Amino acid sequence: MAIRLPGILHAKNVFRRANFFSGQSTSIDVPKGYLAVYVGESEKKRFVIPISFLNEPSFQELLYKAEEEFGFNHPTGGLTIPCGEQMFLDLTSRLRSL
């Protein structure tokens, strides 16, 4: 019996496509089990977050917004999350406490 996790698979595909189209690998300075994202409305700041966040519905909403706004061509060369830095910090602090 297979377990279907469409949200997780979509999130992984978004991340893979973003890395493919960027032509860059961000894995050099990102520990195994983490991924780098860029967050901010005007000035982008880089965050390294656990990949376990990809399982969370609230984080998946951000990935959908990123896909709608940027498609798979992210201006920073990495996955860009279109939200304010403070909102992202609030969300990630809640996810860490789960």
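Mentor: Let us start with Thr-80, which is found in strand β3 (residues 79-81); helices (H or I, at least four residues) and strands (E, at least two) are DSSP runs, numbered from the N terminus. This is a predicted model, in which local features need pLDDT of at least 70 and side-chain atom pairs count only at pLDDT 80 or more, while totals for chains, interfaces and linings use all residues. Residues are numbered from 1 along each chain as its sequence is written, and side-chain values use heavy atoms, with hydrogens and water left out.

Trainee: Is Thr-80 buried or exposed?

Mentor: Thr-80 counts as buried, at 0% relative accessibility. Buried means under 20% relative accessible area, exposed over 50%, and partly exposed in between (1.4 Å probe, protein chains only).

Trainee: Which residues is Thr-80 in contact with, leaving aside neighbours within four places in sequence?

Mentor: They are Tyr-38, Lys-44, Ala-66, Phe-70, His-74 and Pro-75, where contact means heavy atoms within 4.5 Å.

Trainee: New topic: how many salt bridges does a search of the whole structure find?

Mentor: The search finds 2, each being a side-chain nitrogen of Lys or Arg within 4 Å of a carboxyl oxygen of Asp or Glu. Asp-29 pairs with Arg-46, with the closest N and O atoms 3.2 Å apart. Lys-45 and Glu-85 also form a salt bridge, at 3.5 Å from N to O.

Trainee: Which parts does the pair of Lys-45 and Glu-85 tie together?

Mentor: Lys-45 lies in strand β2 and Glu-85 in helix α3, so the pair joins parts 40 residues apart in sequence. Lys-45 is partly exposed, at 41% relative accessibility.
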